Amino acid sequence: MSQPKRTPQATPSGHTRLACRKRTKAGAPCQAAARPSGYCWRHDPALREKRKAAERNGGRTRAYTGGERVEVKTLEDVRLQLCKVLGALWAMDNTIARARAIVAVCAELRGTLVVGDLEARLSRLEAILEASGGATP
Ligand SMILES: [Zn+2]
């Protein structure tokens, strides 16, 4: 059986990559990016056992397996938890999903900072109002 012609594909970054050597059941070339072996992760014969193990695992290796119980009662608690998540994200491989998660966490952190600033300003205003003998809620 002859191997299908491998055609370079442009990636979003402008680099080219080779497509997988494997043909689909319908006979079309697999469009996934090839690894150094010339096959994608799904079709690389050398990775057969790894794939089977991953299927058996069913994602269990990525499942949350415990940790400290976290109480989130204040804005500062929220901010600290978001910072922990951000730190964990920075340690991960740089992928589009990671970048999106970092952006989402940063947006939430920004929200906590804005709300925290507003709370502080409101407290100062209430203190001024109370000192001047005005009514406070
Ligand atoms: Zn493939």
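Let me begin with two words we need: here, helices are DSSP runs of at least four residues, and strands are DSSP runs of at least two. With that settled, hello everyone! The structure on the screen is a predicted model, and I'd like to walk you through it.

First, the overview. The chain contains three helices and two strands. If you read along the sequence, the pattern is β-β-α-α-α. Now, how much of the chain is buried? Of its 137 residues, buried ones make up 3%. And if we take the contacts between residues at least 6 apart in sequence, 14% of them join residues at least 24 apart.

Let's turn to helix H3, which covers residues 96-131. It has 36 residues, and from its first C-alpha to its last it reaches 53 Å. Is H3 mostly buried or in the open? A residue needs 20 or more other C-beta atoms within 10 Å to be called buried. Of the 36 residues of H3, the number that are buried is zero, so the helix lies largely in the open. Just after H3 comes Gly133, with a positive phi of about 85 degrees.

H3 has a partner, helix H2, residues 75-90. How do the two pack? Their axes are 10 Å apart, and the angle is about 160 degrees. Angles over 145 degrees count as roughly antiparallel, and H2 and H3 are therefore roughly antiparallel to each other. The crossing of H2 past H3 is left-handed.

Which residues meet there? On the H2 side they include Leu75, Val78, Leu82 and Val85, and on the H3 side they include Ala101, Val105, Thr112 and Val115. Sorted by type, the residues of this contact are 11 nonpolar, two polar and three charged.

Let me zoom in on two residues. Leaving aside residues up to four places away in sequence, Ile102 touches Leu86 and Leu89. Its C-alpha is separated by 9.4 Å from that of Gly87, which is 15 residues away along the chain. Ile102 is partly exposed, with 16 other C-beta atoms within 10 Å.

My other example is Leu80, in H2. Leu80 is also partly exposed, since 14 other C-beta atoms lie within 10 Å of its own. Along the chain, Leu80 and Leu109 are 29 residues apart, and their C-alpha atoms are separated by 9.3 Å.

Terms used. Residues numbered from 1 in each chain as written. Predicted model: local features only at pLDDT ≥ 70, side-chain atom pairs only at ≥ 80, totals over all residues. Expected span 1.5 Å × (residues − 1). Buried ≥ 20, exposed ≤ 12 C-beta atoms within 10 Å, placed from the backbone. Contact = placed C-beta atoms within 7 Å. Axes fitted to C-alpha atoms, helices over the stretch in contact; angles between N-to-C directions. Parallel < 35°, antiparallel > 145°, perpendicular 65-115°, else oblique. Left-handed = near helix turned anticlockwise from the far one by under 90°. Nonpolar A, V, L, I, M, F, W, Y, C, P; charged D, E, K, R; others polar.
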